[in-house]
Amino acid sequence: MRILAKDLKNAAEKGEKDIELSGWVHRIREMGALSFIVLRDRSGLVQLVLDKKYEALTLESVITARGDAALNEKAPGGAELRVSAIECISRAAADLPFQVNADATRTGIEAILDQRALSLRNPAIRAIFKVQATIIEAFSDYLRKQDFTEIKTSKIVGGGTEGGTNLFEVEYFDRKVYLAQSPQCYKQMLVASGLERVFEVAPAYRAEKHDTPRHLNEYVSLDLEMGFIESEKTLIELEKGILAHIFEEVARKNSAELELWAKTGASVPAPDAVFTAPVISYEEALKIANKESEQKKGARIFDINPDAERYVCEWALRESGIDLVFVNEFPRRHRPFYTYPLDAVRTMSFDALFRGIEITSGGRRQHNYEAQLEALPRFGIKAEGMEDYLSIFKYGCPPHGGFAIGLERLTAKILGLANVKEASLFPRDRRRVTP
Ligand code: AMO
């Protein structure tokens, strides 16, 4: 009978015989005439005991072992397989360029990323993507239950949406197009199409030249957009519900994965605590950040920069017991052209800051055709080329808004990873386009 590593103890308790396990050779230890092999499959690690040396076996070879299950308190998982036959299905070359069974928290990021195909075999490194899968599933499920429709929009676009020059140019037959910085215009169009509530999980592209622990050139954006809202406050409440559900699901499904990153402080906040996260204005956030900064560095802060994000999160943790905080009412000069104004200076926009970093931006959008036309030049944008987008406002569009959560940032903060690149399967940075 073929079983998984995680089920061996149960099989041992039942005294099951002639069991088969298949997987990779994680570790080999020889003691006298006995060999102890740790086998790794998708469910975990188990110990195999052989009463002879298996000279030809190498680390990372793929094997099938048969034998009887037996309880053994000293073995990982509390059981072992007493092997009667072993078959090497795919022998790994002995010159492994990455030590798969090493402690991931002590392995350098460059080695991890250079050897991605092998580093993903490390249980802790692979665990990052189990947690990430739960985040995507919980985000999507929560929204489906709220009557949101999942969409997939094109990543090849005619122009930018988020401002700035961080666009990747692509040759498209005989003309230049760009990789989408976000699905912003499309998600708004789809709200106006009558879908009203949409979400998308897809890559977004930013030609950021700087290499920082918080930026990727390709990241996964958890986007949503909904019609008939009055202000960003509805969106903040929605995001609280989503985050609480994500944290609940990660705690429920991924306790083993969190355990593998215990050294870096992996944990999720209690779902209930999410609802107590403070909502403060941009002005208040700046005041808080400056108070902290004056005490610590003596430097003035003029914008919600990475230092300010950290300070405001530390404040939120002290004030409300959770290092999650929503900052709203950003000044118009700091937000993209599509943002809805609150007054002459402020907008109905917000960011979510979690454990010291911005994980979300969002807000209500301008849905008035004339007002949008008038605003464009102030952002240095020409209406020509934007006709498709602008027509949604011209021909009837409800008040609406939405936001986007950066998947890698949220994953990294849950697991205590120092760099978002660790939370991207095949990260793209200025130098790295392989594997
Ligand atoms: P923004 O540009 O702030 O907003 O992006 C939203 C969230 O995406 C993540 N993010 C990134 N993660 C890794 N590397 C990057 N280079 C990167 N850039 C952004 C962050 C950020 O908070 N259209 C709006 C969203 C909206 O209003 O709906 C937008 O894209 O977590």
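**Basis.** I worked on a predicted model, in which local features need pLDDT of at least 70 and side-chain atom pairs count only at pLDDT 80 or more, while totals for chains, interfaces and linings use all residues. Residues are numbered from 1 along each chain as its sequence is written, and side-chain values use heavy atoms, with hydrogens and water left out.

**Overall.** I counted 13 helices and 16 strands (DSSP runs numbered from the N terminus: helices are H or I of at least four residues, strands E of at least two). The C-alpha atoms fill a box of roughly 85 × 55 × 40 Å along the principal axes. Of the 435 residues, 51% are buried (under 20% relative accessible area with a 1.4 Å probe and protein chains only; exposed is over 50%, partly exposed in between).

I noted a volume of about 1100 Å³ for the largest pocket. A pocket here is an open set of points on a 1 Å grid over the protein atoms alone, with protein on both sides within 12 Å along at least five of seven lines; a cavity is a set where a 1.4 Å probe fits but cannot get out, and lining residues have an atom within 4 Å of a point. Grid points are joined across faces, edges and corners, and a volume is the space filled by probe spheres set on them. Strand β15 gives the most to the pocket lining, six residues. Elements that each supply at least two include α5 (184-195), α10 (306-320) and α13 (407-415).

**Cavity and E208.** I searched the whole structure and found one cavity of 30 Å³ or more. The largest cavity holds about 40 Å³, and its lining includes E208, H215, D429 and R430. E208 sits in the loop between β10 (197-205) and β11 (218-227). Beyond residues up to four places away in sequence, E208 touches N166, H215, L216 and N217 (contact: heavy atoms within 4.5 Å). E208 is buried yet has no salt bridge; R206, the nearest side chain of opposite charge, is 4.9 Å away (Lys and Arg count as positive, Asp and Glu as negative; His and chain ends are not counted).

**Core.** I found 60 residues in the largest nonpolar core, with F139, L410 and I414 having the most contacts inside it. Such a core is a set of buried Ala, Val, Leu, Ile, Met, Phe, Trp, Tyr and Cys residues joined through side-chain atoms within 4.5 Å. Helix α4 (residues 123-145) provides the largest share, ten residues. A second, separate core has 20 residues, including A11 and V83.

**Salt bridges.** I counted 34 (a side-chain nitrogen of Lys or Arg within 4 Å of a carboxyl oxygen of Asp or Glu). R432 pairs with E110, the closest N and O atoms being 2.7 Å apart. R432 lies in the segment after α13 and E110 in helix α2 (residues 109-114), 322 residues apart. R432 is buried at 6% relative accessible area, whereas E110 is partly exposed at 36%. E225 and K187 also form a salt bridge (3.5 Å, N to O). E225 is in strand β11 and K187 in helix α5, so this pair ties together parts 38 residues apart in sequence. Both partners count as buried, E225 at 0% and K187 at 2% relative accessibility.
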